[in-house]
Amino acid sequence: MPQQATTRKHEIDESLYSRQLYVLGHDAMKRMLSSSVLLLGMGGLGVEIAKNLVLAGVHSLVIYDETLVTIQDFGSQYYLTEKDIGSRRDEASLEHLRSLNMNVSVTVGLNPAKMQASSADFSMSSTLKKGPCYFVDNSLLQSADVVILSELIDYEDEVVALDEQCAAMNVHFIAACARGLFGFVFCDFLENFTVLDTNGEPPLSGLYDHLSQLENAEVIVTSHEDSRHQLEAGDSVKLVPSKSNTTFGPFFVKKIIDAFSFTIDIGSNRMPEGVLSGEFVQTKVPKRIDFKRASAIFSEGAHVPFICSDFAKDDRSLPILIAFIAIGGFWKKYERLPIPQSIEDANRFIEICVQKSVLFNVDRSKNEHLWRQFAFGVTGSIPAICSVIGGLVAQEALKVPFFPPLIISLSQYFCFDAAECLPNSAGPLAPTPENTAPINSRYDMQYAVFGKKFVDVVQQQGVFLVGAGAIGCELLKIWAMMGVGLRGSSSIVVTDMDLIERSNLNRQLLFRSTDIQMPKSVTAAAAVERMNSDYTKKPIVALQERVSPESEHIFGRNFFSGIDIVVNALDNVDARRYVDRRCVFFEKPLLESGTLGTKCNTQVVLPRVTESYSSSQDPPEKSIPVCTLKNFPSNPEHTIQWALDLFQGLFKNGPEVVGQYLESGSLGEFRDRFSSNSPDSIVILKETLLDEFPKDFESCLIWAMKLFVGSFRNPISQLLFNFPPDTKTSTGADFWSGPKRCPTPIELDLSIPLHQEFIFSAARLRADAYSIEIPSAPIKLEDILCKAKIEKFVPKDGMKIATTDREAEQEGAKEVSLDLFSLLPEPNKVATCHPKPLSFEKDDDANFHISFITAAANLRSMNYGIPVSDRHTVKGIAGKIIPAIATTTAFVAGLVSLEFYKVVQFLFNKAEIPVESFKNAFCNLALPFFAFSEPIQAALLTKGRPWTLWDRIIMDSTKTLADLIKYFQENEQLDISMVSCGTSMLYSPFMIRSKDEERKRMALTLPALIEHVTGSTSSIGDEFVLEVLASDAEGDDVDVPFLIVTPFQ
């Protein structure tokens, strides 16, 4: 029976899709919610594509695969279990896919033209002649926006025929295949495919200060205050003058003069008056793509368009495509696929590749090794490859419903390989005909590629996964298919202190709605056990601890001694750096990754070989100047940050100060502590306890009305009193120009919905912050406005307003008279008041937090003539939400897991795999763009000395301070200038006051020295780290490795 989606076709479940909305936007999401996809094939790649599409929220997904389940499917198809053997793959997967997202209709298709397939199609002993999707009836295609073929054997008969069939029905088509360590994607989105956005990035914008018209049709645009414009020649921009409501353009950028100025072509017109300063905004230039049929490869050969998957392998795309085409030729001739590691079959396959490559002028000698690798593993299915190709294919399918398309699509072929993951063919882990033969195991498909010996080593690895969110879930899923941690004494350990939230369900495949508020780590581990029953015998260890200095008693040397590989799946930079430091300390390899919308990156950290994650870092986030926030906002980000600061001050900091005051024993006691409080504390107490005491909800409403006037009328009026609209600077220029927008005061008008929203949300938050009951009866704001007694604004003569950051900082640091304390009542004399500080929570739509910030930000935007922002935008900026989508998460998890195979070889024998085989990645599925590079080698700490960040000096706990100093003098020719442990300084020459004190301190053992300085050794444990500062004979500082003090053995 077909499943019915639980929401109507164009409704967006924002609590579920909140993170994805920041990738696609509301318009694109609405289009996607009406899209229908037909997916042919439900093997390892097919289920990965299906999972990503269902999580993303397409309207309907029809799956079709009559292939019968065998145990070999379990190696990459994670929704199949022992009870499904003998069932159809599509029917066995159906309920699992439905449970991912109840908003998506997932059904099994009915194909009148019966598929001529069985599970034997992909077994090593197959004798069938047709692939699983050879015949597809038009009735299956007619309701689909896009058809995806996820398994193929014969490119010429399957892909070409189905592509022509889809094109005749105006249906978009994607063909994809994952075999062994190779993947292939073909897209045909028909002719006249016009793309509105060629990079998926928000339009660039900035302020310009000056326009200069040249003699020709060019105008030089100079950006404000040396602000880099980041534009390129050929971009299109429009100009928004600061003193006009008219937009001019768009104009094409003709030439980039430098990073701060560019020229635009205005044709035969001259620039109108009033546009000499303002804002430039990039406009997207549509791009038309005419996709070619799959058959064009045989007529145009190498001229068909490819997307490069790795610039270091840019000559391999065409040979890989030839190999995928050659599969069909081998099948037709031998009625099976090449046997793993069969030299005879590999030679046969190479000959077919040579025959197919005649049209493409591909050199046999350069590609014979590649084709042999392909043939050796063609019967295998590797979950990491399925994850990479499945993430990419699903992302391409999501682009189809956008008419016209919003983001550029893959044009037109993509070939991927990770052959460097294979063990050294001459090494002890090399695959052989014997250890790649099937043994009726769920891991047979991996044995076919890597050999059982290497797979056994993979399964012996102890892995520490930090984070069980989106990337963590994908990694656990892949590792479950690989059987990681099932052999020997090791296991997978996952830790995550978070609980599951509804917004997680859109991209974290191991969680369901029934799991909300359950621990992520425990739930994820249980889900993996259902995917691979082998884990019921050796469960994954699920912890709920934060990896931090406070948990080093848990994650110490004993813990890390049982770990082989550490994998970060975190969204917090500080946490990543801490885990990175622990990996350096314990010399453990680290696999790092992250996503940002359709972008992703990976990094491999190898002990004593590469730099660490912390060796490089992004530049700090650009902060908004104080003066800009307070008086001169120029864009929505400024007003949203101002509103967030207002929220924090009123509903978090304010109640905290009041609570501290009420908890103090007396006015005098609080006054004694005042110097350590914010200078604004006394003002907060006066305004809360004397001026506007929060006694009931009506008092909260009155306070909110006065807040409105005190935020959007009075300060703006005072600003205009100080700086009227016609004010000039000392140089004669207009004061209100460039980023300084001349504001307009706003009078409170309760007939305006936005004003009502601000009053009600502010009053509601005030009530929540002081534990005041909210009445259920309707409230007439007009009656309360009369009680509020709003006074007319009277400007203050001599009031100084900051116009620079320095003035703003000085204004913020001014002292508040302590005489105001005398006005306050004693804490025990204050009427009933129960402050409850509010912590900003962006994901609870019923708590009024985002409602208040949205209303406040938009009112301030209206003050300054800045475009207002919708609730979604405000939530993203104020909540610093990281855009996320399941397709990117699956893609990056596949890349990480491919590096996992290489790290296993590195740990087994460093000589087995060269460092250049490892890949750091930066990819963007929106473009699509793929860049890989080898990890950067660890740099020397000091020139001329062999130390890197991986080196350390070890001393046992019986050594004294004198021994330490002597060691550095005699062994390293360095003088010690300071020794510290944590935040405690243990030794420095300037600390020594007498020879006697120096003699005593030098004789102390290192643990005793710590106890002498700190009074205790309880915090350092049996093993601790000392940091040493030293200088050479010339007096130059020398960076030295950290020093580890261990128990005496």
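Reply: Let us begin with surface patches. Patches are made of residues with over 30% relative accessible area and no salt bridge, and nonpolar side chains are joined within 5 Å. Please keep in mind that this is a predicted model.

Me: Which residues form a nonpolar patch on the surface?

Reply: The patch consists of Phe-311, Phe-922 and Phe-929, which together have about 290 Å² of accessible area. Phe-922 belongs to strand β23, residues 920-924.

Me: Why does Phe-922 count as partly exposed?

Reply: Partly exposed refers to values between the limits for buried, under 20%, and exposed, over 50%. Phe-922 is placed in this class because its relative accessibility is 39%.

Me: How should I read the pairing of strands in a sheet?

Reply: Strands of a sheet pair through backbone hydrogen bonds, either parallel or antiparallel. In this model, 8 strands form an open sheet with mixed pairing, in the order β3-β2-β1-β4-β5-β6-β16-β15.

Me: In which sense do β1 and β4 pair?

Reply: Strand β1 (residues 36-40) and strand β4 (residues 146-149) are parallel, with 4 bridges. Leu-39 has Ile-148 in β4 as its bridge partner.

Me: Which strands close into a barrel?

Reply: The barrel has 6 strands, in the order β8-β9-β12-β11-β10-β13, with antiparallel pairing. On average, neighbouring strands of this sheet are turned by 50 degrees against each other, direction ignored. Strands β8 (residues 205-213) and β9 (residues 218-223) pair over 5 bridges, and Gln-213 stands opposite Val-219 in β9.

Me: Where are cis peptide bonds found?

Reply: One joins Gly-249 and Pro-250, with omega about 10 degrees; Pro-250 is in strand β11, residues 248-258. Another joins Ser-411 and Gln-412, again with omega about 10 degrees. Gln-412 lies in the loop between α11 (383-399) and β16 (413-417).

Me: Is Leu-190, with its positive phi, buried or exposed?

Reply: Leu-190 has phi near 70 degrees and sits in the loop between β6 (182-188) and β7 (193-195). Leu-190 is buried because its relative accessible area is 7%, which falls under the limit of 20%. Asn-170, whose phi is near 60 degrees, lies in the loop between α6 (155-168) and β5 (172-179). Asn-170 counts as exposed, at 57% relative accessibility.

Technical notes. Residues are numbered from 1 along each chain as its sequence is written. This is a predicted model: local features need pLDDT of at least 70, side-chain atom pairs count only at pLDDT 80 or more; totals for chains, interfaces and linings use all residues. Side-chain values use heavy atoms; hydrogens and water are left out. Two strands pair if DSSP finds at least two bridges between them. Helices (H or I, at least four residues) and strands (E, at least two) are DSSP runs, numbered from the N terminus. Axes are lines fitted to C-alpha atoms, for helices over the stretch in contact, and angles run from 0 to 180 degrees between N-to-C directions. Patches are made of residues with over 30% relative accessible area and no salt bridge: like charges are joined within 9 Å, nonpolar side chains (Val, Leu, Ile, Met, Phe, Trp, Tyr) within 5 Å. Accessible areas come from the Shrake-Rupley method with a 1.4 Å probe; for residues, only the protein chains shown count as cover. A salt bridge is a side-chain nitrogen of Lys or Arg within 4 Å of a carboxyl oxygen of Asp or Glu. Buried means under 20% relative accessible area, exposed over 50%, partly exposed in between (1.4 Å probe, protein chains only).
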